[in-house]
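The exercises below ask you to work through the packing of a protein chain, and each task is followed by a solution that goes step by step.

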Amino acid sequence: MIFKIGRSKSPWIFHLNTGSCNGCDIEIVALFASRYDVERLGCKLVGSPKHADICLVTGPVTARSKEPLLKIYDMLPNPKVIVCVGACSISSGVFTDGYSIVGPAHKLIPVTAYVGGCSAHPKNIFLGLKKAIEVFKEGR
């Protein structure tokens, strides 16, 4: 019980790039920088999906990143909360119909929340993260 309460108040976040242009990745870094500073809310970036409560996915899924995406999804502890950040992770964006594009992430794994934009603004990423934290607390 205490472990569950502690996890819900300080969610650990894993960031996964499946083939993006790095625009959304830079905005995620800005979210953790001094201006937005989500670490003050207890959020922390972690280096392993096994330790993560929420996974942020950026970019369209390429043929090369499909298998790592599925493996990382399997490694996430339950409840698996996925947030797609940016137009490319939602619909493949400008990379649609590219020779190496498998599709957006939601075709391969269940997605909890979407954050639109190219690139997604840190405020919008924060709102998506807030929605993901609510879902995580409910344990869905």
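**Exercise 1.** In this predicted model, which residues are exposed on the other side of helix 3?

*Solution.* Begin with the buried residues of helix 3, which spans residues 66-75; they are L69, I72 and Y73. These residues cover an arc of only 105° around the axis, and therefore they lie on the same side of helix 3. Turning to the other side of helix 3, one finds K71 and D74 exposed, where exposed stands for over 50% relative accessible area. Finally, the buried residues of helix 3 pack against strand 1, strand 4 (61-62) and strand 5.

**Exercise 2.** Identify the buried residues of helix 2 and the elements against which they pack.

*Solution.* In helix 2 (residues 23-32), the buried residues are G23, C24, D25, I28, L31 and F32. Their packing partners are strand 1 (12-17), strand 2 (44-45), strand 3 (54-58), strand 5 (81-85) and helix 5 (122-138).

**Exercise 3.** Describe the largest nonpolar core and the elements that supply it.

*Solution.* The largest nonpolar core has 22 residues, and I54, V83 and V85 have the most contacts inside it. At least two residues of this core come from each of helix 2, strand 3, strand 5, strand 7 (113-115) and helix 5, and helix 5 gives the most, with six residues. A second, separate core of 16 residues includes I82, A105, I109 and V111.

Technical notes
Residues are numbered from 1 along each chain as its sequence is written. This is a predicted model: local features need pLDDT of at least 70, side-chain atom pairs count only at pLDDT 80 or more; totals for chains, interfaces and linings use all residues. Side-chain values use heavy atoms; hydrogens and water are left out. Buried means under 20% relative accessible area, exposed over 50%, partly exposed in between (1.4 Å probe, protein chains only). Helices (H or I, at least four residues) and strands (E, at least two) are DSSP runs, numbered from the N terminus. Contact means heavy atoms within 4.5 Å. The arc is that of the directions from the helix axis to the C-beta atoms. A nonpolar core is a set of buried Ala, Val, Leu, Ile, Met, Phe, Trp, Tyr and Cys residues joined through side-chain atoms within 4.5 Å.
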